Amino acid sequence: MLIFSGGTGTPKLIEGLRNILPEEEITIVVNTAEDMWVSGNLVTPDLDTLLYLFSGKLDTAKWWGIKNDTFMTSDALRSLGHDEIMRLGDQDRATNIMRSDLLRAGYSLTKATKKLAGALGIRSAILPMSDDPVKTMITTSSGKVHFQEFWVKEHGKPEVLEVVQEDIEKASIAPDVLEALEKEDHVLIGPSNPITSIGPILALQGMKELLKKKKVVAVSPIIGKEPVSGPAGKLMAARGLEVSSAGVVDCYGDILDIMILDERDEYGISALKNAACKILITDTLMKNADKSTALARFVVEAFT
Ligand SMILES: C[C@H](OP(=O)(O)OP(=O)(O)OC[C@H]1O[C@@H](n2cnc3c(=O)[nH]c(N)nc32)[C@H](O)[C@@H]1O)C(=O)O
Ligand SMILES: O=c1nc2n(C[C@H](O)[C@H](O)[C@H](O)CO)c3cc(O)ccc3cc-2c(=O)[nH]1
Ligand SMILES: [Mg+2]
């Protein structure tokens with residue numbers, strides 16, 4: 001199965017999929033538009049969440065970073081007056097240093113990620129959506145800032161006037177993603193942020209055309225009129241979309257074959273009763289690993 005992912009909602013579902021599918025059968029296309037250079041190294045939050053999930057290192061209390069990581073370098077930098085926007089754990093920083101050294105040596109992001117995945121003993125393919133840099137920028141009343149500045153430094157609080165993915169028109173789908181799309185007929189769009197996690201993957205040139213030939217199943221990250229977590233509502237509203245599962249369907253457009261909604265999502269179920277795609281309803285709230293596995297089984301069934 002080919003899965004499009006960000007760094008929280010879809011990884012929760014992948015945790016369940018790993019219990020029912022062989023790892024070799026899972027290929028993940030990962031958003032890279034939130035990546036940011038910090039103190040000379042490239043931090044790739046969504047890729048790293050997946051690397052750490054598959055290697056058993058992920059801090060699943062936060063869904064980013066390594067569990068029980070220390071912050072000695074971050075603290076030392078801070079005491080010197082060098083405050084980093086993203087607080088990096090020491091082991092996590094090691095991942096970023098290795099990745100960035102590989103990039104400086106001429107590796108593509110895909111090849112650098114493959115090398116890290118190999119070193120961590122991962123058998124699933126974890127693929128950056130593109131080897132070209134794309135940056136999600138948020139315009140607030142104080143100006144235009146990188147997504148991480150809005151989310152980490154400003155805690156997602158400022159009013160959002162605009163969201164753009166800079167350089168998206170210059171970015172190509174990574175060659176390994178194209179190859180995976182040639183082999184795979186089933187694509188799962190996980191319950192990730194439709195604007196900042198799935199949006200950049202779908203906005204890559206040619207992606208929507210390729211998906212029209214596939215069976216595409218998506219899980220809504222919205223229940224009623226709110227996301228389960230995070231800034232998706234604010235960002236959808238800034239793009240003129242209704243904050244609801246219907247807004248998510250509008251956002252993905254005609255690539256969708258099936259949309260899975262939560263059983264509590266009365267508004268979405270009613271708003272989508274005449275939708276062009278098929279609607280399936282189940283419990284999508286992944287409060288623990290058993291819930292993730294149950295939803296994963298439902299998703300696998302939806303493809304049959
Ligand atoms: C900051 C965060 O971005 P990121 O970490 O990349 O997260 P994702 O885009 O992958 O996911 C955020 C998205 O996920 C939805 N979510 C979270 N848990 C669940 C769940 O158990 N069920 C379900 N149906 N959706 C879930 C959540 O509403 C978020 O919109 C970000 O942008 O939030
Ligand atoms: O809220 C925070 N999120 C942090 N995140 C999460 C990140 O900002 C976002 O949740 C993702 O970009 C959304 O996918 C990190 C992710 C990393 O891979 C590495 C470091 C950080 C540091 C922070 C942080 O200091 N605060
Ligand atoms: Mg993300």
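1. Helix 1 (9-20), helix 2 (45-54) and helix 6 (147-153) each contribute at least two residues to the lining of the largest pocket, and helix 2 makes the largest contribution, with five residues; helices here are DSSP runs of H or I with at least four residues, numbered from the N terminus.

2. The model is a predicted one, in which local features need pLDDT of at least 70 and side-chain atom pairs count only at pLDDT 80 or more, whereas totals for chains, interfaces and linings use all residues. Residues are numbered from 1 along each chain as its sequence is written, chains are lettered from A and ligands numbered from 1 in the order in which they are written, and side-chain values use heavy atoms, with hydrogens and water left out.

3. The volume of the largest pocket is about 930 Å³, and of the 42 residues that line it, Gly 7, Thr 8, Lys 62, Trp 64 and Trp 151 lie nearest its centre. A pocket is an open set of points on a 1 Å grid over the protein atoms alone, where a 1.4 Å probe fits and protein lies on both sides within 12 Å along at least five of seven lines, and lining residues have an atom within 4 Å of a point. By class, the lining of the largest pocket comprises 19 nonpolar, 15 polar and eight charged residues, with Gly counted as polar.

4. Ligand 2 sits in the largest pocket, in the sense that more than half of its atoms lie within 2 Å of the grid points. Among the residues around ligand 2 are Val 43, Pro 45, Met 86, Leu 88 and Trp 151, where a residue counts if one of its heavy atoms lies within 4 Å. The shell divides into seven nonpolar, one polar and four charged residues, and helix 6 gives the most to it, with three residues.

5. A side-chain N or O atom of Glu 34 is 2.6 Å from an oxygen atom of ligand 2, a polar side-chain atom of Trp 64 is 3.5 Å from a nitrogen atom of the ligand, and a backbone N or O atom of Arg 87 is 3.0 Å from a ligand oxygen atom. Taken alone, ligand 2 exposes 530 Å², of which the protein buries 84%, by the Shrake-Rupley method with a 1.4 Å probe.

6. The second largest pocket holds about 300 Å³ of space and is lined by 17 residues, with Trp 37, Leu 42, Asp 132, Pro 133 and Val 134 nearest its centre.

Key: Grid points are joined across faces, edges and corners, and a volume is the space filled by probe spheres set on the points. A polar contact is a pair of N or O atoms within 3.5 Å; within protein, one must be able to donate a hydrogen and the other to accept it, and residues adjacent in sequence count only if both atoms are side-chain atoms.
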